[in-house]
Amino acid sequence: MSMFTKAFIAGIMAVAPSIAIVSVAAAQKPIRIGATLAQTGVYAVPGQNQLRGYKLCAKHVNDKGGVLGRKLELVVYDDGSDPATAVSLYERLITQDKVDLVLGPYSSPISEAVADVSEKYRTPMVAPIAAATSIYRKGRKFIFSMLPPVEVFHEGLIDIAVRKDLKSVAVISADDLSQKAGAQGTIELAKKKGLQVVFVDVYPLESTNFSEILTKIRAANPDVLAAFTRFQDTVAIIRQMKSVSVNPRMVGLTVGVDTLKFYEALGRDAEFVYGATAWVPELVELRAGGLIPIARQYPGAREFVQSYKKEFPGADSSYHSAAGYGGCEILVDAIRRAGSLDGDKLREAVLRIDRNTVFGRFKVDPDGVQIGHKMLTVQWQDGKKVIVWPEELAPGKPRFPTPPWSQR
Amino acid sequence: MIRTAALVIIAAMLPFAAEAQQARRPYRVGVLNEAWAANHPTVEGLKAGLRELGLEEGRDVTFDIRFTEGKPEATSLAAADLARAGVDLIFTSNEAATLAAKAATQRIPVVFTLVGDPVATGIVKALARPEANLTGISSLTTELVPKRLEALKTLIPTLRRVFAFYHGADVPSSAAIVRALEAAPRLGLEVVPRTVTAPEQLDELLKQLRPGDALLAPDIATMDIPAVMLEVSLASRIPAVFSSELWVSHGGLVSYGADYRAQGVQAARLVAKILRGTRPQDLPVEGAEKIDLAVNLKTARLLGVTVPRKILMRADLLRR
């Protein structure tokens, strides 16, 4: 079976124009936006969530009459979580399907690979989930990040650890572009804040058994374990920490901790675990310092949460969904500002954008690195995901220290 | 000289050392304010201040935090609840919470913050000797009102009219309004005070705003008035001046007044002394130590305000 027959078109024209609004918009050809997203393979869960974000954004834009008088039409293929497949599919989207524009795939490794394609065809690519800074620091002109640099994902974990007078940290990561960069950033941050880095390791992507690395961590006996993980690793690592009896006083992981699936898989063992996240639906209810509503920093987020539930009943959601929606918002805004689909004009428009979307603030530096968006640290407490950092936004306090497994 | 200083420090530490040996139960501090979550900056400041003084949360002190979401009736009930629960001390933020605590108990010590004029509002009889179970930090917010208006006028020299909305039963804001009305002619301003008794009424009053007007936000969160003013300020591009930097860090144009968190840190010293046995009436009310002029340059750009050099030089905090 060829990769193209494996690929499928996930969504075409989110909404058909109703008769009542048949107008210039309906008469004109839609703007076709191509993307690949992992619907299968290791990135399937966040990839599907990101796609739901794209679909919902396209629907909402079309419900309001589209952009430049034209509707949006998504052309989406499954890249199977494979960078090489994604490269072929973006080539196909641009040269054969002749899409007008593109949006980013899921993950840093895949975005890194396909960025060369969008660069070649001088078409801007807003990348909702690609936080490895190196992608943007290679002189590329047409890729822009929604996520802040992965190097700061565990800033909250480290900050809390320092305030709790902890002294040592172990940093591990999956052997992928983004997670390794995150680990390196965390090591530097920890050292800068006076923590001793007592153990560093990278585990292979296909790992399912973490007992060896966890045994080494147990021997190093760090106060904090900061892990840069992929979705499926997070659950396995916590489970095996219990069986190997690894007991740091704080443990934080990246992708997946903020999802309900994480707690469903682990139950009480998810308690006390910290996660880095870029967005949670609870943000719309939060007040800074208990006084100032911050919902205005996430305009439309309330409606996004409601319509997501309505449109995809029972479906998983995570910050990847909001990032997908926000990325599509930025592209649409750029089209409006540029008044054109020309790649160079759109690029100029994106670089000038400083606004807030459903996902939060968007502002990139001249290389396309996100400098406006802020990360959050969450912790599972009695089955609830509680924002514990930054302090100003955090209605909850970290539950500290994490008790040893034998005492839970 | 150095030896004398060392002795003083050791002497100061003795009461805590003695307590530690007795392994007494943790002190129970009740917290009362009108916030929407437990992390009001004064409470964060109190915790940090107590920690610096050797009182660790959990080990030495526990907090029973009641926040009443700007609802006056809930504040009285929560005060009565805390008194019944028999906490060792009640820590309050703002006049409404302090007056509610005062009404609820004459026995349990009360340490207040965010109180603009503790004597005028009848919270204490005299600043130097409070003569009751209350002492705390005066935020000086009332007497800083003219300065607040002056900062706004310096930012926008063409400004003529300033609306001041405040909750009808909010005595300190009324006092602040009197100061504002007194200062207005000197600044070439018209101050238009409007009392609010229900949220719907606030919506109606906001319709009176015209381009070129500005807002003076109250320091009291009752009925969420400052947050609504911030929202209107940003959505309708109406300049607004606030009482504390927290608002400026979230989009308010300018603030002049006492820092919320710093008031909590400052009050922690009074709280620690009272927990150690000092009577509140023997501890004079202190004026807030950290008063800042803060300007949000991003909001200034949004509102089309060119920030004069004078303000840039004077400002303690500039948000970019």
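This is a predicted model: local features need pLDDT of at least 70, side-chain atom pairs count only at pLDDT 80 or more; totals for chains, interfaces and linings use all residues.
Residues are numbered from 1 along each chain as its sequence is written, and chains are lettered from A, with ligands numbered from 1, in the order in which they are written.

Let me start with the overall form of chain A. Its C-alpha trace spans about 65 × 50 × 40 Å along the principal axes. A compact globule of 408 residues would have a radius of gyration near 22 Å, and the 21 Å of chain A agrees with that; the radius is taken over C-alpha atoms, and the globule rule is 2.2 Å times the number of residues to the power 0.38. The secondary structure of chain A comes to 13 helices and 16 strands, these being DSSP runs numbered from the N terminus, with helices as H or I of at least four residues and strands as E of at least two. Among the contacts in chain A with a separation of 6 or more, 71% join residues 24 or more positions apart, a contact being two residues whose C-beta atoms, placed from the backbone, lie within 7 Å.

Next, the domains, whose bounds come from an automatic or database domain assignment. Chain A divides into domain 1 (3–148 + 299–362) and domain 2 (151–277 + 375–407), and their C-alpha centres lie 31 Å apart. Between them, 15 residues of domain 1 of chain A are in contact with 15 residues of domain 2 of chain A. On the domain 1 side, α3 (44–63) and α5 (108–120) of chain A each supply at least two residues, and α5(A) gives the most, with 3 residues.

What about the contact between the chains? It takes 11 residues from chain A and 18 residues from chain B, and the elements giving two or more residues to the chain A side are β11 (287–288) and β12 (292–293) of chain A.

Is B:E44 buried or exposed? B:E44 is buried, because 20 other C-beta atoms lie within 10 Å. Leaving aside residues up to four places away in sequence, B:E44 touches A:E391, B:N39, B:R261 and B:G264. B:E44 and B:R261 are 217 residues apart in sequence, yet 6.5 Å apart in space, C-alpha to C-alpha.

Finally, helix α6 (residues 155–163) of chain A has as its buried residues A:E155, A:G156, A:L157, A:I158, A:I160 and A:A161, and α6(A) is followed by A:D165, whose phi is positive, near 65 degrees.

Note on methods:
A residue is buried if 20 or more other C-beta atoms lie within 10 Å of its own, exposed if 12 or fewer, and partly exposed in between; C-beta atoms are placed from the backbone.
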